[in-house]
Amino acid sequence: KLGIARELMIIGSTGCRSFVEPEGDLYDALQNCREAKIMLLDPSKEGAITRAQSIPDPEVTPEVVREQIMKSIGFLKGLRAAQRQVRLKLYPELPPLKLAIVGDYAFLQHYHTGVNVRHMPEYAFQNESQYGGLYIPLYRYFLARWQDTNVPEYDLDTDELVYRDRMGNEVLRERFQGVPLAASSRTEDKKLGTPSENVIL
């Protein structure tokens, strides 16, 4: 309800559990928002590997994390093809926070080393007081991350990474190199279902 015709901003790791799975907290919000800006881990960078290795669950592997990110990218490409206003950026480093700003509400969780984020407490902040409380610095944090020139935007139409300067002008465009799954993962998929069906981050 909070996301209907409102702006939605998300910083997460894979996005799979948050908005790709129909039972995800942000699934409906993303379908009905006015505009969405989403930041996920770059599946080819060290941050995705480190995040997977920081969780003691043996089913959480770098291949699983990468697969879930690619699944989220595919989902967002589908929304884009349906003329939804969706933008995606891929950041390289280990994520400190899971943040979703939905209209006048901000929802926050901490990516703790060794713990799946779904086991961490979630905090909600509303932009309702004169000074906005903690909503305002969280909103500014997202904007600072979004405007970081070192974080490229994923062009959902061309599958390219687009780098921009401080003024928003395009300075570099390169082909995104999708990360294939390991052969062992594909074999396991046939036997037990894909890892993302068993472990959602």
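This is a predicted model: local features need pLDDT of at least 70, side-chain atom pairs count only at pLDDT 80 or more; totals for chains, interfaces and linings use all residues.
# A first look inside: rings, pockets and a helix

At 0% relative accessibility, Phe-142 counts as buried. The protein has seven helices and nine strands, and 45% of its 201 residues count as buried.

**Phe-142 and its partner**

- Which ring pairs with Phe-142, and how are the two arranged? The partner is Trp-146: the ring centres lie 5.9 Å apart and the planes meet at 15°, so this pair is stacked, as the angle is under 30 degrees.
- Both residues belong to helix α5, which covers residues 135-146. Phe-142 and Trp-146 are four residues apart there, so about one helical turn separates them.
- A handy piece of background: an α-helix has 3.6 residues a turn, so residues three or four places apart point the same way.
- Trp-146 is buried too, because its relative accessible area of 6% is under the 20% cut-off.

**The other aromatic rings**

- Altogether, the structure holds six aromatic pairs.
- Another of these pairs is formed by Phe-19 and Phe-75, with 6.2 Å from centre to centre and 35° between the planes, which makes the pair tilted.
- This pair links distant parts of the chain: Phe-19 sits in helix α1 and Phe-75 in helix α4 (residues 62-81), and 56 residues separate them.
- Is Phe-19 buried or exposed? Phe-19 is buried, with a relative accessible area of 0%.

**Charges over rings**

- Trp-146 has a charged neighbour as well: Lys-89 lies over the face of its ring, at 4.7 Å from the ring centre.
- Over the ring of Tyr-91 sits the charged end of Arg-145, 5.7 Å from the ring centre.

**The largest pocket**

- The largest pocket here has a volume of about 530 Å³.
- Its lining is made up of 26 residues, and those nearest the pocket's centre are Ser-18, Gly-24, Asp-25, Leu-26 and Glu-122.
- Which elements give two or more residues to this lining? They are the helices α1 (16-20) and α2 (27-32), together with the strands β4 (97-102) and β5 (105-110).
- Sorted by class, the pocket lining has twelve nonpolar, five polar and nine charged residues.

**The cavity**

- The count comes to one cavity of 30 Å³ or more, and the largest cavity has a volume of about 40 Å³.
- Ten residues line the largest cavity, and the closest to its centre are Ser-13, Gly-15, Ser-18, Lys-98 and Tyr-111.
- By class, the cavity lining has four nonpolar, five polar and one charged residues.

- Which residues of helix α3 (residues 46-53) are buried? They are Gly-47, Ala-48, Ile-49, Arg-51 and Ala-52.
- The buried residues of α3 pack against β2 (35-41) and α4. Helix α4 is also where Phe-75 is found.
- Across the protein, among contacts between residues at least 6 apart in sequence, 63% join residues at least 24 apart.

Methods
Residues are numbered from 1 along each chain as its sequence is written. Side-chain values use heavy atoms; hydrogens and water are left out. On a 1 Å grid over the protein atoms alone, a cavity is a set of points where a 1.4 Å probe fits but cannot get out, and a pocket is an open set with protein on both sides within 12 Å along at least five of seven lines; lining residues have an atom within 4 Å of a point. Grid points are joined across faces, edges and corners, and a volume is the space filled by probe spheres set on the points. Ala, Val, Leu, Ile, Met, Phe, Trp, Tyr, Cys and Pro count as nonpolar, Asp, Glu, Lys and Arg as charged, and the others, Gly among them, as polar. Rings of Phe, Tyr and Trp (its six-membered ring) pair if their centres lie within 6.5 Å; planes under 30 degrees apart count as stacked, over 60 as edge-to-face and the rest as tilted. Buried means under 20% relative accessible area, exposed over 50%, partly exposed in between (1.4 Å probe, protein chains only). A charge sits over a ring if NZ of Lys or CZ of Arg is within 6 Å of the ring centre and within 35 degrees of the ring normal. Contact means heavy atoms within 4.5 Å.
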